[in-house]
Amino acid sequence: MGRFRRAYPGVGVLVEDAPDDDELVYALADGRRELAVVSLPLPPAPGLVTEELGHHDIWLAMAPGTVIAPGPVSPAEVSAMPLVAVLHGGSARHAIRRALADAGHEEGTGRQRNTGHGQGAGHERDGGEPARAVRSWAGVVTPRLGSVIPLVLTGAGAALVDRWYAERIAEQGGVVRPLGPPVRAPFGVARRREPLSPACRVFLDILRETCAARSAGGPGAGA
């Protein structure tokens, strides 16, 4: 956004958060919005196309003073922790849960694992193959992504966040660990099939270049 505004200071930009994936899809499909930066995959929608631009490296963030062994945290360990969850996690939540389910499955156990990122208090099932079914529970549910950092820092629960958020939490004294096996949640853009406006085309080109440069910078650079 900074690059775009410096290059085209006369073009105004409206940035909004969609309450959930369905509303995002509707807004794109009916022309109310031109472009959306999204976690992938989105729910199927006729007339929309998506393009992957990178991934978020998912880390576990915990309160200051948490005693935990150094090194990556397994899906089984995550399952034992109450989580801080975002109420409308949408595709991001599903991407994390799916990646955690795959990681648990790859560890070679044929039983169901209690892993994932819950939407609300209580257990939540992802469905699919029994060995990949995922359950999790959230001790705290918040409608705002920005609330996750203070909630973790005050000990309300652990959180599965991208590496950028984990680094911000660590700077304030929180304890953070990567997941093992690594969990990566893809992100990209969604838009209608018809041509974008000139300004939106330029913005998308800048977004592609920015994401490619950050991905080339090493693991986690695009998170």
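**Pairs, bridges and burial**

Guide: Three aromatic pairs are found in this structure, which is a predicted model.

Visitor: Why is the aromatic pair of Phe4 and Tyr8 called tilted?

Guide: The ring centres of Phe4 and Tyr8 are 5.5 Å apart, and the planes make 35 degrees.

Visitor: How do you know whether Phe4 is buried or exposed?

Guide: The relative accessibility of Phe4 is 3%. Buried means under 20%, so Phe4 counts as buried. Tyr8, with a relative accessible area of 38%, is partly exposed, because that term covers what lies between under 20% and over 50%.

Visitor: What makes the pair of Trp164 and Tyr165 edge-to-face?

Guide: The angle does: the planes of Trp164 and Tyr165 stand at 80 degrees, with the ring centres 5.2 Å apart. Planes over 60 degrees apart count as edge-to-face, so the pair takes that name. Trp164 has a relative accessibility of 41% and therefore counts as partly exposed.

Visitor: How do you know that Arg168 lies over the face of Trp164?

Guide: Arg168 is placed at 4.7 Å from the ring centre of Trp164. The limit for a charge over a ring is 6 Å, together with an angle within 35 degrees of the ring normal. Arg168 is listed as lying over the face of Trp164. Arg168 also takes part in a network with Arg163, Glu167 and Glu171, joined by salt bridges that share partners.

Visitor: How many salt bridges does the structure hold?

Guide: There are eleven salt bridges in the structure.

Visitor: Why is the contact of Glu16 with Arg33 called a salt bridge?

Guide: The closest N and O atoms of Glu16 and Arg33 are 2.3 Å apart. The cut-off is 4 Å between a side-chain nitrogen of Lys or Arg and a carboxyl oxygen of Asp or Glu, so the contact qualifies. Glu16 sits in the loop between H1 and H2, and Arg33 in the loop between H2 and strand E1 (35–39), so their pairing ties together parts 17 residues apart in sequence. Glu16 is partly exposed at 48% relative accessibility, and Arg33 is partly exposed at 33%.

Visitor: Why is the contact of Arg192 with Glu194 called a salt bridge?

Guide: The closest N and O atoms of Arg192 and Glu194 are 2.7 Å apart, and the limit is within 4 Å. Arg192, at 16% relative accessibility, counts as buried, because the cut-off is under 20%. Glu194 has 39% and is partly exposed.

Visitor: How do you know that strand E2 and E5 pair?

Guide: Four bridges join strand E2 (residues 48–62) to E5, and the two run antiparallel. Ala61 stands opposite Ala159 in E5. In strand E5 (residues 159–162), Ala159 and Val161 point one way and Leu160 and Asp162 the other way; all are buried.

Visitor: Why does Val15 count as exposed?

Guide: Val15 has a relative accessibility of 63%, and exposed means over 50%. Val15 lies in the loop between helix H1 (2–7) and helix H2 (21–29). With Met1 and Val13, Val15 makes a nonpolar surface patch of about 270 Å².

How values were computed
Residues numbered from 1 in each chain as written. Predicted model: local features only at pLDDT ≥ 70, side-chain atom pairs only at ≥ 80, totals over all residues. Heavy atoms only, no water. Buried < 20%, exposed > 50% of the residue type's maximum accessible area, 1.4 Å probe, protein only. Pairing = 2+ DSSP bridges. Phe/Tyr/Trp six-rings, centres within 6.5 Å; stacked < 30°, edge-to-face > 60°. Patch = residues over 30% accessible without salt bridge, like charges linked within 9 Å, V, L, I, M, F, W, Y side chains within 5 Å. Areas by Shrake-Rupley, 256 points an atom, 1.4 Å probe, with all protein chains shown as cover.
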